[in-house]
Amino acid sequence: EEAYLVISNSASAEAEIGRVARWLTGIGLLQYTDRFVEAGLDDLDFIAQMTFEDRDLDQLGVTILGHRKKLASHWRIAEFLKGGSQDVPAGEDKGKAEEANPSEAPTVATTEASGADSDDDSGSDDD
């Protein structure tokens, strides 16, 4: 029974690390997963509540400004906390995820499709 508890705790920890890894992968920062785990940042709920200071990012080895901004702003973390975000392959960002899931993509009204603002009254789009 004692071994079962260890396995259960281990499985639970691995599942939580998996959530962190999915978030980092989803925002294109999978390469930092091991650093997060080594620093004890293996709980996505905790990460969502913490404030990333410059010294924290330095300790994690995050030197690229864009990466620092993503982490400091907890970019897209709410999607992964809810569990509603689809896994996004490494290296892809939200724009590509939105293409895969158009219901989450912002909508932009265009006039080309309807021809409403077009000077061409023919209604055809032969380009």
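Are Trp-23 and Phe-36 buried or exposed? Both Trp-23 and Phe-36 are buried, where buried means under 20% relative accessible area, exposed over 50%, and partly exposed in between, with a 1.4 Å probe and protein chains only.

1. Basis of the note. The model is predicted, and local features need pLDDT of at least 70, side-chain atom pairs count only at pLDDT 80 or more, and totals for chains, interfaces and linings use all residues. Residues are numbered from 1 along each chain as its sequence is written, and side-chain values use heavy atoms, with hydrogens and water left out.

2. Overall make-up. The protein chain holds 7 helices and 0 strands, these elements being DSSP runs (helices H or I, at least four residues; strands E, at least two) numbered from the N terminus. Of its 127 residues, 28% count as buried. Among contacts between residues at least 6 apart in sequence, 55% join residues at least 24 apart, a contact being heavy atoms within 4.5 Å. The chain exposes about 8,700 Å², of which carbon and sulfur atoms supply 48%, with areas from the Shrake-Rupley method and a 1.4 Å probe.

3. The aromatic residues. A search of the whole structure finds 2 aromatic pairs, the rule being that rings of Phe, Tyr and Trp (its six-membered ring) pair if their centres lie within 6.5 Å, with planes under 30 degrees apart counted as stacked, over 60 as edge-to-face and the rest as tilted. The ring centres of Trp-23 and Phe-36 are 6.5 Å apart and their planes stand at 75 degrees, so this pair is edge-to-face. It links distant parts of the chain, with Trp-23 in helix α1 (residues 2-26) and Phe-36 in helix α2 (residues 33-38), 13 residues apart. Trp-23, Phe-36 and Phe-52 form one aromatic cluster.

4. Leaving out residues up to four places away in sequence, Trp-23 touches several residues, including Ile-47, Leu-71, Trp-75 and Phe-80.

5. Salt bridges. The count comes to 5 salt bridges, each being a side-chain nitrogen of Lys or Arg within 4 Å of a carboxyl oxygen of Asp or Glu. Asp-54 forms one with Arg-68, the closest N and O atoms being 3.3 Å apart. Asp-54 lies in helix α4 (residues 54-59) and Arg-68 in helix α5, so the pair ties together parts that are 14 residues apart in sequence. Asp-54 is exposed, with a relative accessible area of 55%, whereas Arg-68 is buried at 14%. Arg-19 and Glu-16 also meet in a salt bridge (3.1 Å, N to O), and both lie in helix α1, 3 residues apart, about one turn of the helix.

6. His-67. This residue is found in helix α5 (residues 65-72) and is buried, with a relative accessible area of 15%. Leaving aside neighbours within four places in sequence, His-67 is in contact with Leu-29, Gln-31, Tyr-32 and Val-62. His-67 and Leu-29 are 38 residues apart in sequence, yet 7.3 Å apart in space, C-alpha to C-alpha.
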